[in-house]
Amino acid sequence: MSLDIVILAAGQGKRMKSDKAKVLHEVAFKPMLFHVIETAYKLNPNKIIIVVGHLKDDVINSVKTIDEAILSKIHFVEQKEQLGTANALASTIDILSENANTLILYGDTPLTPYSVLNELCSLNIENGMALLTAKASDPKGYGRIVRNDKNEIAYIVEQKDCNETEALIDEVNTGMMLINNEAIKTFIPKITNDNAQKEYYLTDIVKLLKDNNLKVETLLCPDITYLLGVNDKVQLAIAERNYQKQKALEFMQDGLTLADPNRFDIRGSLKFGKNCFIDINVIIKGNVVLGDNVVIGASSIINDCTIDDNTVVSPFTVMNQSTLCKNVTIGPFAHLRPNNTLNDDVHVGNFVEVKNSSLGKGTKSGHLTYIGDSEVGENVNFGAGTITCNYDGAFKHKTIIGDDVFVGSDTQLVAPVTVGNGVTIGAGTTVTKNLDDNCLYITRAKGRVITTYVRPRKEKK
Ligand code: UD1
Ligand code: CA
């Protein structure tokens, strides 16, 4: 049976107390709705129908930034008034496929594992439905699964409609369900809003199908951790931690050493070779690729970088969109702004900022330096306090430095400027012209010794 997927994302999310659409709140720096869409896409459905309503333009515009292959399967349907989950599903009826089942997902339930949904979708539901349930130690807020004396599901009762006995039931509705499309078309229009919230509850379809002798299966998920619906900021933080723990676990199982899985944050994707080590409080963003034997020091932030074998990043290093080749050492307290290549054996030390530059093999910049818009050759040594003056107030200019150049401490290179191979620049020099190979260049004023000088002093009383 082929599959449609409907993601409900029209609700107000009042409990978030935010003017941002609930489903756009982020887990691991990605809107919750995107997590749901990406998992949905893996199930290979005919189409992914997203029901939008509250702040629909924000939701639609955000979803339009998702990967194109995924976007090609997405259809938006508007639910004009948020009258409940059954009413939300009703708005999709016209575009549901023939001879198919529909998996219903919630935009506020971001972490449901693919494997669980795949299992749900592979159940034989005939003309009926199957729903994913879970045991909750604190079932408050969830719809309860009420079973009959044959232990079959009888109906679902929402928290606000529970009597005292029902409130004690710990098996809950996760919201995720698979329903035959014919059953949706027949029974969704029959659901009424005769309940505490005066809403059309999708969960009422269970009793309707039972009354018509149609199949209602349940799949009990032993662990509710990843089925958590996010209704407020507390649950959002719990979902974030669950996600991070899960990712840390996956990485460790694949051989990554984490100093502490509870103090590691991934906000993108990470690939790594053998023997890599990540110390505490590191944040990985964007797409990060590590070779073998890479060490990332404590409290470093690595965004969209490729770091090759044996490179060591010392603590408190921040780096963006850069490539570090083999045996590079960087930090502590180094800052790579976007677009740098540090070739093999480069050293970038503390309080060094590098931007839009390439540093040749073996080049070293140990301390307190700014290298911007520069092409630097091999085995160059930058003294402390070197500055490439790349900006004239209106335009950026390039600094080009050859191989084996020695740049004395406290040098300013006023770009555009080219320094030849083998040049030595004396400490305290301001380079304002191009330098040919192998010269010594120095602009310091000659020192003077004045022996007759008397420093002013205050009279003592
Ligand atoms: C719902 C279920 C409850 C289940 C819980 C699991 C119903 C009636 N209740 O309750 O049994 O235990 O989820 O998390 O289904 N939405 C719309 N349009 C609407 C109303 C809601 O699109 O008119 C969307 C929301 O954006 C959200 C989802 O449906 O993504 C669930 O709505 P919410 O109000 O959070 O339902 P719960 O009270 O959590
Ligand atoms: Ca919810």
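Where is Asp404 found? Asp404 is in the loop between strand 31 (399–401) and strand 32 (406–407).

Before going on, some ground rules. This is a predicted model, in which local features need pLDDT of at least 70 and side-chain atom pairs count only at pLDDT 80 or more, while totals for chains, interfaces and linings use all residues. Residues are numbered from 1 along each chain as its sequence is written, chains are lettered from A and ligands numbered from 1 in the order in which they are written, and side-chain values use heavy atoms, with hydrogens and water left out.

Back to Asp404. Its relative accessibility is 46%, so Asp404 counts as partly exposed. The cut-offs are these: buried means under 20% relative accessible area, exposed means over 50%, and partly exposed is in between, with a 1.4 Å probe and protein chains only. Asp404 and Asn421 are 17 residues apart along the chain, and their C-alpha atoms are separated by 6.0 Å.

Two other pairs of this kind. Ala28 lies in the loop between strand 2 and strand 3 (30–31), and counts as buried because its relative accessibility is 5%. From Ala28 to Tyr243 there are 215 residues in sequence, but 7.5 Å in space, C-alpha to C-alpha. Phe277 belongs to strand 14 (residues 277–278) and is partly exposed, with a relative accessible area of 29%.

Now the ligand. How many residues surround ligand 1? There are 23, and the closest are Gln79, Gly84, Thr85, Glu158 and Asn173. A residue is near a molecule if one of its heavy atoms lies within 4 Å of it. By class, this shell has 8 nonpolar, 11 polar and 4 charged residues. For that count, Ala, Val, Leu, Ile, Met, Phe, Trp, Tyr, Cys and Pro are nonpolar, Asp, Glu, Lys and Arg are charged, and the others, Gly among them, are polar. Strand 1 (2–9), helix 4 (85–90) and strand 10 (171–180) each supply at least two residues of the shell.

Ligand 1 sits in the largest pocket. A pocket is found on a 1 Å grid over the protein atoms alone, as an open set of points where a 1.4 Å probe fits, with protein on both sides within 12 Å along at least five of seven lines. To sit in a pocket, a molecule needs more than half of its atoms within 2 Å of the pocket's grid points.

An oxygen atom of ligand 1 is 2.9 Å from a polar backbone atom of Leu8. For Leu83, an oxygen atom of the ligand is 3.4 Å from a polar backbone atom. With Thr85 the protein atom is an N or O in the side chain, 2.8 Å from an oxygen atom of ligand 1. Taken alone, ligand 1 exposes 770 Å², and the protein buries 90% of that. Those areas come from the Shrake-Rupley method with a 1.4 Å probe.

Next, helix 1, residues 32–42. Of its 11 residues, 8 are buried, so helix 1 is largely enclosed by the rest of the structure. The buried ones include Met32, Phe34, His35 and Ile37. Asn44 follows helix 1 and has a positive phi, near 55°.

Lys17 also has a positive phi, near 50°, in a residue other than glycine. Lys17 is in the loop between strand 1 and strand 2 (26–27). Is Lys17 buried or exposed? At 75% relative accessibility, Lys17 counts as exposed. Lys198 has a positive phi of about 50° and is not a glycine either. Its place is the loop between helix 7 (181–187) and helix 8 (205–211), and at 53% relative accessibility Lys198 counts as exposed.

Last, the cis peptide bonds. The bond from Gly331 to Pro332 is cis, with omega near 0°, and Pro332 is in the loop between strand 22 (329–330) and strand 23 (335–336). The bond from Ala415 to Pro416 is cis too, with omega near 5°. Pro416 is in the loop between strand 33 (412–414) and strand 34 (417–419).

Key: Polar contact = N/O pair within 3.5 Å; in protein donor to acceptor, adjacent residues only side chain to side chain. 1 Å grid on protein atoms, 1.4 Å probe; cavity = no way out; pocket = protein on both sides within 12 Å on 5 of 7 lines; lining within 4 Å. Helix = DSSP H or I, 4+ residues; strand = E, 2+ residues; numbered from the N terminus.
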